[in-house]
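Have the viewer open while you read.

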Amino acid sequence: MQLVKMKMFHMIKKDLSVLEDELLKAVTSDVPIITEIGTHLVKSGGKRLRPALFLLAARAGENFSIERAMPLAVAIEMIHMASLVHDDVIDKADTRRGSLTANAKWGNQAAILSGDYLFARAFSLTVGKNYGESIAMKLSKLVTELVSGEIMQDTTVYLADHTIADYRARIEKKTANFLALCCEIGGMVSGLGESDVKGLYAYGHAIGMAFQMTDDLLDITGDAKKLGKPAGNDIKQGVVTLPVIRALKTSADREELRRIVTCRDMTDEMVRRALDIVRVSDGVEYTKSCVDEYLSEAKRCLPENINSDVRKTFIEAADYIGKRDF
């Protein structure tokens, strides 16, 4: 689990360790296969970025309580895990983070139902904890925005005519709003004032946009072993991301690239050719510049008067997102 080992998250290292134990407890069921699938998903690891941001925000004020914060942290990661299980079924993915996906190991039906179970279990963890209607509504919004983003993506696969505005709207719903709400809910739990909570939301939104752009960039430039999935997977699945959108506008080989990304029977050779075209275009550098803009915005949005160690860690998290290679 990469984030626990990273120095920048040292102040919540114990929190994240507790999170792992609580995740394993949360996926335990009296139905053995549910426990087996859930345990596999938890132990497959992950960046745990969403609960990490929530826990940091929860430590930003004076009212931090691990007992009060942890059920929300677990619920947030379980919602994320559930969405990935469903994504893998839709994408017919065999591996994630270097491990077999639930659908590859147990079949589509068991994977879909286990994802449903994780969603339901996540919300059950927050019942009776007196978080208030506002936080309950924000958790619901988190899921609806996430699903909306995925539907937007699914209905535009193998199409070449994407605008940058369309792309930004899609990743906002798919990723940025999720990270923004993690930070916002954490600020609310810690008892921060309204302006500081809004600042944390804006920070989370900006790094969410940067995170997804970096993720899309790594699909073009990353190492398959580090990513835990094949390079060019987005292209293979017909998902046109920012580096490709830019290359479709500026590359001398844009017509060839258009033919490839709109082909539903794409071969591995075609994927490699598409990657070559995008890599030598200005699509990679353009995307990097967009990431840098969002990360600068994230740092500007951070409230000045939150816990200084938390603020420093939030800044380091933004820097990490700009440099990550997995």
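A word on contact first: two residues touch when heavy atoms of theirs lie within 4.5 Å. This is a predicted model, so local features need pLDDT of at least 70 and side-chain atom pairs count only at pLDDT 80 or more, while totals for chains, interfaces and linings use all residues. Residues are numbered from 1 along each chain as its sequence is written, and side-chain values use heavy atoms, with hydrogens and water left out.

Let's start with Ala75, which sits in helix H5. Helices (H or I, at least four residues) and strands (E, at least two) are DSSP runs, numbered from the N terminus. Ala75 touches Ala122, Leu125 and Thr126, if you don't count residues up to four places away in sequence. With a relative accessible area of 1%, Ala75 is buried; the cut-offs are under 20% for buried, over 50% for exposed and partly exposed in between, using a 1.4 Å probe and protein chains only. The C-alpha atoms of Ala75 and Ala247 are separated by 39 Å, and the two residues are 172 residues apart along the chain.

**The core**

A nonpolar core here is a set of buried Ala, Val, Leu, Ile, Met, Phe, Trp, Tyr and Cys residues joined through side-chain atoms within 4.5 Å. The largest one has 103 residues, and among those with the most contacts inside it are Phe54, Met78, Tyr203 and Leu257. Helix H5 (residues 66-91) supplies the largest share of this core, 13 residues. As for Leu257, its partners beyond four places in sequence are Val244, Ala247, Leu248, Ala274, Ile277 and Val278.

**Helix pairs**

For the packing numbers, axes are lines fitted to C-alpha atoms, for helices over the stretch in contact, and angles run from 0 to 180 degrees between N-to-C directions. Angles under 35 degrees count as roughly parallel, over 145 as roughly antiparallel, 65 to 115 as roughly perpendicular and the rest as oblique.

| Helix pair | Angle | Axis separation |
|---|---|---|
| H5 and H7 (residues 108-124) | about 160 degrees | 8 Å |
| H4 (residues 49-58) and H5 | roughly 155 degrees | within 8 Å |
| H16 (residues 283-301) and H17 (residues 308-323) | roughly 180 degrees | within 10 Å |

That angle makes H5 roughly antiparallel to H7. H4 and H5 are likewise roughly antiparallel to each other, and H16 is roughly antiparallel to H17.

Handedness goes like this: a crossing is left-handed if the near helix is turned anticlockwise from the far one by less than a right angle, and right-handed if clockwise. H5 passes H7 in a left-handed crossing. On the H5 side the residues in contact include Ala75, Met78 and Met81, and on the H7 side Ala111, Leu118 and Ala122 are among them. Sorted by class, this contact has 13 nonpolar, five polar and two charged residues, where Ala, Val, Leu, Ile, Met, Phe, Trp, Tyr, Cys and Pro count as nonpolar, Asp, Glu, Lys and Arg as charged, and the others, Gly among them, as polar.

H4, on the other hand, passes H5 in a right-handed crossing. Arg50, Pro51, Phe54, Leu55 and Ala58 of H4 make that contact with H5 residues including Leu72, Ile76 and His80.

Between H16 and H17, the contact is made by Val291, Leu295 and Lys299 of H16 and by H17 residues including Arg311, Ile315 and Asp319. By class, that gives five nonpolar, one polar and three charged residues.

**Residues of helix H9**

Ile164 lies in helix H9 (residues 164-189) and is buried at a relative accessible area of 18%. Beyond four places in sequence, Ile164 touches Leu242, Ile245 and Tyr286.

Leaving aside neighbours within four places, Val189 is in contact with Phe54, Asn63, Arg68, Leu72 and Ile135.

**Positive phi**

Most residues other than glycine have a negative phi. Lys92, in the loop between H5 and strand S1 (95-96), has a positive phi near 55 degrees. Tyr158, in the loop between helix H8 (133-154) and H9, has a positive phi of about 60 degrees. Are these two buried or exposed? Lys92 is exposed, at 70% relative accessibility, whereas Tyr158 is buried, with a relative accessible area of 15%.
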